[in-house]
Amino acid sequence: MMMAVLQSPGKNKAESDGSDAGNGTEINSAGETQPEMIYVDVCGAVANPGVFQLAAGSRVFQAIEAAGGYLPEAALTCVNRAGVLTDGQQLYILTQEEME
């Protein structure tokens with residue numbers, strides 16, 4: 001059994017107001033460039049499951065850190081910690097028991 005990662009479609013860059021042609025930045029009302037943000041649902045064997053706001057292009061390990069890290073029973077070998085996250089993605093961390 002592998003780590004379950006479910007994705008829902010993010011908004012289309014061409015339809016996003018203030019988007020800078022898909023380069024991961026947005027321009028705010030003051031004309032300043034700021035990183036585009038995504039929302040990721042982190043659940044399963046993590047200390048503080050929930051929905052977290054992260055910068056576009058964030059990696060799985062950053063979402064896990066935002067959720068307080070792994071619980072002792074987490075199945076660490078099933079997680080691609082270098083994976084790139086997308087807006088609306090759910091990241092479910094399996095336990096050792098769920099692996100069996």
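View 1. Strand 4 (residues 37–44) runs antiparallel to strand 5, and six bridges join them; here two strands are said to pair if DSSP finds at least two bridges between them. The two strands form a hairpin with five residues between them. Helices (H or I, at least four residues) and strands (E, at least two) are DSSP runs, numbered from the N terminus.

**View 2. Strand 4 beside strand 6.** Strand 4 also pairs with strand 6 (residues 89–93), in the parallel sense and over five bridges. Within this pairing, Cys43 stands opposite Tyr92 in strand 6.

**View 3. The cysteines Cys43 and Cys78.** Cys43 counts as buried because its relative accessibility is 14%, where buried means under 20% relative accessible area, exposed over 50%, and partly exposed in between (1.4 Å probe, protein chains only). Cys78 likewise counts as buried, at 8% relative accessibility. A disulfide is a covalent bond between the sulfur atoms of two cysteines; when it is taken as a pair of cysteine sulfur atoms within 2.5 Å, the count comes to zero disulfides.

**View 4. Ser58 in the loop between strand 5 and helix 1.** Ser58 lies in the loop that connects strand 5 (50–55) and helix 1 (60–66), and Ser58 is buried because its relative accessible area is 8%. A polar atom of the Ser58 side chain lies 2.6 Å from the backbone oxygen of Ala55. If residues up to four places away in sequence are not counted, Ser58 touches Gly83, Val84 and Leu85, contact being heavy atoms within 4.5 Å.

**View 5. Gln34 and Ala55.** Gln34 lies in strand 3 (residues 33–35) and counts as partly exposed, because its relative accessibility is 33%. Although Gln34 and Ala55 are 21 residues apart in sequence, their C-alpha atoms are 9.6 Å apart in space.

**View 6. Met99 and Ala74.** Met99 is found in helix 2 (residues 96–99) and is partly exposed, because its relative accessible area is 26%. The C-alpha atoms of Met99 and Ala74 are separated by 9.5 Å, with the two residues 25 apart along the chain.

**Notes to all views.** Residues are numbered from 1 along each chain as its sequence is written, and side-chain values use heavy atoms, with hydrogens and water left out. As the model is predicted, local features need pLDDT of at least 70 and side-chain atom pairs count only at pLDDT 80 or more, while totals for chains, interfaces and linings use all residues.

Definitions and conventions:
A polar contact is a pair of N or O atoms within 3.5 Å; within protein, one must be able to donate a hydrogen and the other to accept it, and residues adjacent in sequence count only if both atoms are side-chain atoms.
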